[in-house]
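Try each task before you read its solution.

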Amino acid sequence: MLNHDEAVNYLNSFDGIDPEVLQPELLSDGSWLLERREFWASLLYDGADEELLDALFGGEQGVFDQMNDLWKEIEQTGKWPVLKLGTQAGDFALAIWYVIDETEGHDFLVLPGDGRCISVAAVAAHSYGPGLSWPEAQRLIERGSLGSPAQRLLLLVRALGDGDSMAGMVEQVADALLAVGNAACPRETAVAAARQLLEDRGGSWSMHGDVLVCDNESAVRQLGGLPPEDLLRVTRALQ
């Protein structure tokens, strides 16, 4: 979970919602979602073809019917789930939000440890990213304590993009899809889903002075995309 200062900092980024709603108590531990196949399908939704995700995460009931049931379940709690990787250095979290007009989204947040909560990627009506390079993602997976390594990789995949490491990413994401989803699914299905999840998240990463930046035009981790001090906080937190 986010601490109090991080929660306040994150919620202050939302406009047009009653401030009485945007209290730290709105955020809750979302680790219970890890064992729900429909959660993984909802996280990856729109990133890969429906039939691929249904093969990987569906059951007797179609996975997208299950996704709708899950969203209703989350809304009935009155909370926004947060999944925090729990790393030894700068941490990383996925926040799942919904608002009064029934829109929803996922925010990918770097927690540099100073009470700040810096969004580096989002899957929503106005998506942006990538927010993580492949080496950064590998360090987060290795250091994290939430769930399994495969689960941690899938938690990061919608924030991940690194055109210089595409082949390795596709293979490892395919492995993670089979480990978390239907292990009996043909590997070519998992590989096809992994390619689709990653194909639009390219871009090259390079150091610009002390900060790591991405040249993808949709990335906020580019010069001018975030304040210079936040670019530095993110770079240091993910080293």
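Buried means under 20% relative accessible area, exposed means over 50%, and partly exposed is in between (1.4 Å probe, protein chains only). The model is predicted, so local features need pLDDT of at least 70 and side-chain atom pairs count only at pLDDT 80 or more, while totals for chains, interfaces and linings use all residues. Residues are numbered from 1 along each chain as its sequence is written, and side-chain values use heavy atoms, with hydrogens and water left out.

**Exercise 1. Find the salt-bridge partner of Glu38, and sort both residues by burial.**

Step 1: start with the rule, which is a side-chain nitrogen of Lys or Arg within 4 Å of a carboxyl oxygen of Asp or Glu.
Step 2: the partner is Arg36, with the closest N and O atoms 2.9 Å apart.
Step 3: Arg36 has a relative accessible area of 23%, so call it partly exposed. Glu38, at 11%, is buried.

**Exercise 2. Work out which parts of the chain the Asp230 and Arg116 salt bridge ties together.**

Step 1: the two side chains meet at 2.9 Å, N to O.
Step 2: Asp230 is in helix α9 (residues 228-237) and Arg116 is in the loop between β4 (104-111) and β5 (118-123), so the pair ties together parts that are 114 residues apart in sequence. Helices (H or I, at least four residues) and strands (E, at least two) are DSSP runs, numbered from the N terminus.
Step 3: check burial. Asp230 is buried at 6%, and Arg116 is partly exposed at 24%.
Step 4: widen the view to the network of salt bridges that links Asp114, Arg116, Asp230 and Arg233. The whole structure has 8 salt bridges.

**Exercise 3. Describe how α2 packs on α6.**

Step 1: get the geometry. The axes of α2 and helix α6 (residues 149-156) are 9 Å apart, at an angle of about 35 degrees. Axes here are lines fitted to C-alpha atoms, for helices over the stretch in contact, and angles run from 0 to 180 degrees between N-to-C directions.
Step 2: list the contacts (heavy atoms within 4.5 Å). From α2 come Phe39, Trp40, Leu43 and Leu44, and from α6 come Gln151, Leu154 and Leu155.
Step 3: sort them by type, which gives 6 nonpolar, 1 polar and no charged. For this count, Ala, Val, Leu, Ile, Met, Phe, Trp, Tyr, Cys and Pro are nonpolar, Asp, Glu, Lys and Arg are charged, and the others, Gly among them, are polar.
Step 4: look at Ser42, also in α2 (residues 37-44). Ser42 is buried at 9%, and leaving aside neighbours within four places in sequence, Ser42 is in contact with Met67, Leu70, Trp71 and His106.

**Exercise 4. Classify the ring pair of Phe14 and Trp97.**

Step 1: rings of Phe, Tyr and Trp (its six-membered ring) pair if their centres lie within 6.5 Å; planes under 30 degrees apart are stacked, over 60 edge-to-face and the rest tilted.
Step 2: the centres are 5.7 Å apart and the planes are at 70 degrees, so this pair is edge-to-face.
Step 3: Phe14 is buried at 15%, and Trp97 is buried at 11%.
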